[in-house]
Amino acid sequence: MQDNLEKIFKELENKFDVEEPNIGHFKRFEEKLNKGTKPNILFKLWPLIAFAASIILIFGIWVGMSFSKSGMELASISPEMGETQNFFVATIENELTLIEKERNPDTEQLISDGLQQLNKLEKQYQVLTLELKESTTDKRIIYAMISNFQQRIEVLQNLLIQIEDVKQLKTQNNEKYS
C-alpha cells in the first residue's frame, strides 16, 4: 500500500497547483457569500399562496359538509310549520338590521358578543335539522327548533336593550360634561 501511494505521488509530481490566488481573492469571495442571490419571487409570495390555498381548502370543506349533511327544515314538515319558520326568520332578519344600524365603536363589542351567541344557536339549529331528517315524527325536535328560534330572538332583543342602555349612558355623560 505504501508503495502504491509513493508511485501515485511520483506520477503527479510537478502537476500540483501551488500558485496562490490573486490579492483580494478571499475578500471578493466573502462579499459574494454575503451578497447572496436574489430571492425568487415565488419564495416571496409563498406565505400569500399558502394563505389563499388554506382559505380555498376551508371553503371547499365547508361547501362539502353543507351539501352532504343538509338537514330538514321546519318548512318541510307542514305548511303551518313553514309559516312559523318564515315568521321567525323574518323577525330575526329585522332585528339584525336594527342592530347593524346601531353599530359604532361604543357598541362593537356588545354586537360582536351577541352575534357569537347567535352563531352558537345557529350551529345548534343545524344539528336539530339533521336530527329532524332522521326522525320527522319526533315532536321534541320540532319544539326544540322553535325554542331555538325564540332564543335567537331573545338574544337579539336583549342586545338591542343593551345598545339602548349604552346610548343613554353616553347621552347622560355628554350632558354632565357639556
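The following legends describe close-up views of a predicted model.

Residues are numbered from 1 along each chain as its sequence is written, and side-chain values rest on heavy atoms, with hydrogens and water left out. Because the model is predicted, local features require pLDDT of at least 70 and side-chain atom pairs count only at pLDDT 80 or more, whereas totals for chains, interfaces and linings use all residues.

**View 1. Overall fold of the protein.** The protein contains 6 helices and 0 strands, where helices (H or I, at least four residues) and strands (E, at least two) are DSSP runs numbered from the N terminus. Read from the N terminus, its elements follow the order α-α-α-α-α-α. Of the 178 residues, 19% are buried; buried denotes under 20% relative accessible area, exposed over 50%, and partly exposed the range in between (1.4 Å probe, protein chains only). Among contacts (heavy atoms within 4.5 Å) with a separation of 6 or more, 71% link residues 24 or more positions apart. The protein exposes about 14700 Å², of which carbon and sulfur atoms supply 59%; accessible areas come from the Shrake-Rupley method with a 1.4 Å probe, and for residues only the protein chains shown count as cover.

View 2. L5, I8, F9 and L12 form a nonpolar surface patch of about 360 Å². Patches consist of residues with over 30% relative accessible area and no salt bridge, with like charges joined within 9 Å and nonpolar side chains (Val, Leu, Ile, Met, Phe, Trp, Tyr) within 5 Å. A salt bridge places a side-chain nitrogen of Lys or Arg within 4 Å of a carboxyl oxygen of Asp or Glu. L5 belongs to helix α1 (residues 2-11) and counts as partly exposed because its relative accessibility is 42%.

**View 3. Helix α5 along its length.** Helix α5 (residues 108-134) has 27 residues and spans 39 Å from its first C-alpha to its last, close to the 39 Å expected at 1.5 Å a residue. The expected span is 1.5 Å times one less than the number of residues in the helix. Its buried residues are I111, G114, L118, L121, Y125, L128, T129 and L132. K120, also placed in helix α5, is exposed, since its relative accessibility is 58%.

**View 4. Surroundings of R152.** R152 lies in helix α6 (residues 139-177) and counts as buried because its relative accessible area is 6%. Leaving aside residues up to four places away in sequence, R152 touches I92, L118, L121, E122 and Y125. Of these, L118, L121 and Y125 are among the buried residues of α5. K120 and R152 are 32 residues apart in sequence, with a C-alpha to C-alpha distance of 9.6 Å.
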